[in-house]
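Visitor: I have a structure to look through today. Could you guide me through some of its features?

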Amino acid sequence: MRIAIAGAGEVGTHLAKLLSRENMDICLLDGNAEHLGDLEANYDLMTKVGSPTSIHDIRDLGIKDVDLFIAVTPSESQNIVSCLIANQLGAKRTLARVDNYEYLLPDNRVLFDNMGLNHIIYPEVLAANEIEESLRTNWMRYHIRLCKGALELCVVKVRDGAEVIGQRFDSGFYSHGRYRIVLIKRENRTLFPGGQDAVQDGDMVYAICTKEEMEFLRTQLGKPTREIRRVMFYGGTRMTQKAVQNIPEDIQVKILETDREKCYQLSEKISNALIIHADGSSMDDLVDEGIQDMDAFVAVTDSSEANIFACLAAKRFGVIKTIADVENIDYIQMAEHLDIGTVLNKKTITASYIYQMLLNASVLNVRNLTSADAEIVELVATEGSRITRNKIRDIRLPEEVIIGGLVRAGEGLLVNGDTQVLPDDQVIVLCKSHDIKELERYFG
């Protein structure tokens, strides 16, 4: 598959690196040679210096043979124009990153599709959805609904005193079949647990269960729960605006914003929040605005450093749930070690969304797990495929691949070595990103 990406910013570069590992023909276009750097030397992709809105430069990509043209520059208008040019020059499909929620409305999506812009992505909306979900399931670090909610992936940092601490996987402790631990993040290592492994204090545990068993999982992992009634946001960004619109009306919301003019603008757009001209990184301002009374604190300014610092300050005042937007990928591990609650990264969210478009029909969904070196993949088992020929224990899957559960006739089921996957089952798999293409051979 040939893919052209316009825009070598953080999103475009991250996506190009991800796709280059999948033996795809990737070309990355940007008007600034410094943005492209030494990517071509270090990754299996091509780079080209040129304008994303130049007919000549887009044609020079060999655009007639491009299967997907992706425009992810910082400029919404430039992305749209770039995609329309690419479509007219012969690109089979186009995708643009936008900043206007109006473009996502169904009627407008049809309009853009007729113009030749096939897919639109708004990273801030995707991240806002993650914030709303994280507030709702506040005893977890992350929560992902799988196969339309038939199964749940719950990510929790385990503390001393939890029942699962020290329990080896071959001890029989987990034979209850009510949840399945599929991944462990320990310091900087991502572990696909085997029989000799055991959960340790401080581990980030990834477990799959049904909705009905989430309460049992919570008690076994030793996590208290608390109803979120008061939330403070730091940063009046578009992400904040979309997240606040999703929050139930019975939750009290405060938004701290350092720019006075932006405060006035926010007050006109948001009716269910108190807008305050204050600095969320100032301890005095936090105290003055009642941080000690908050149940949750969400830092989503344009500065990763400010977001991390503000969340640490909020935790000092006893805030139970903190969420930080950390766009500098190099800071994600640090934020996890500092015990920031939920860490968001729009680049990985966006890349996962785009990546799943490029896989074959047996792959329903792919999600990048920001805090672990792994992906969670939903696949459909087809008639006669390798995955359906034997019990799971007898199928030689790649070493760092684990099947966590499946959905059969709408019912979520956990799996074990004796489980037999049947045709049309939707199967949940945890794996390294480079194994996804290999998995398609088992399910296709």
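Guide: The questions below concern nonpolar cores, a pair of packed helices and one lysine in this predicted model.

Visitor: Let us start inside. How many residues does the largest nonpolar core have?

Guide: The largest nonpolar core has 45 residues. Those with the most contacts inside it are Leu153, Leu183, Tyr206, Phe297, Leu369 and Leu430.

Visitor: Which helix gives the largest share of this core?

Guide: That is helix α12, residues 304-316, which contributes six residues. Apart from this core lies another, of 40 residues, which includes Val11, Leu28, Ile121 and Cys431.

Visitor: What is Phe297 in contact with?

Guide: Leaving aside neighbours within four places in sequence, Phe297 contacts several residues, among them Met232, Tyr234, Leu286, Ala310, Cys311 and Ile323.

Visitor: Now the helices. At what angle do α7 and α9 pack?

Guide: Helix α7 (residues 123-136) and helix α9 (residues 238-246) pack at about 45 degrees, and their axes are 8 Å apart. The two helices are therefore oblique to each other. Their crossing is right-handed.

Visitor: Which residues make the contact?

Guide: From α7 they include Val125, Ala128 and Ile131, and from α9 they include Met239, Lys242 and Ala243. The residues of this contact divide into six nonpolar, two polar and four charged.

Visitor: A new topic: is Lys185 buried or exposed?

Guide: Lys185, found in strand β9 (residues 180-186), has a relative accessible area of 6%, so Lys185 is buried.

Visitor: And what surrounds Lys185 in terms of contact?

Guide: Beyond its neighbours within four places in sequence, Lys185 is in contact with Thr190, Asp203, Met204, Tyr206, Gln333, Ser371 and Ala372. One of these, Tyr206, is also among the residues with the most contacts inside the largest nonpolar core.

Terms used:
Residues numbered from 1 in each chain as written. Predicted model: local features only at pLDDT ≥ 70, side-chain atom pairs only at ≥ 80, totals over all residues. Heavy atoms only, no water. Core = buried A, V, L, I, M, F, W, Y, C linked by side-chain atoms within 4.5 Å. Buried < 20%, exposed > 50% of the residue type's maximum accessible area, 1.4 Å probe, protein only. Helix = DSSP H or I, 4+ residues; strand = E, 2+ residues; numbered from the N terminus. Contact = heavy atoms within 4.5 Å. Axes fitted to C-alpha atoms, helices over the stretch in contact; angles between N-to-C directions. Parallel < 35°, antiparallel > 145°, perpendicular 65-115°, else oblique. Left-handed = near helix turned anticlockwise from the far one by under 90°. Nonpolar A, V, L, I, M, F, W, Y, C, P; charged D, E, K, R; others polar.
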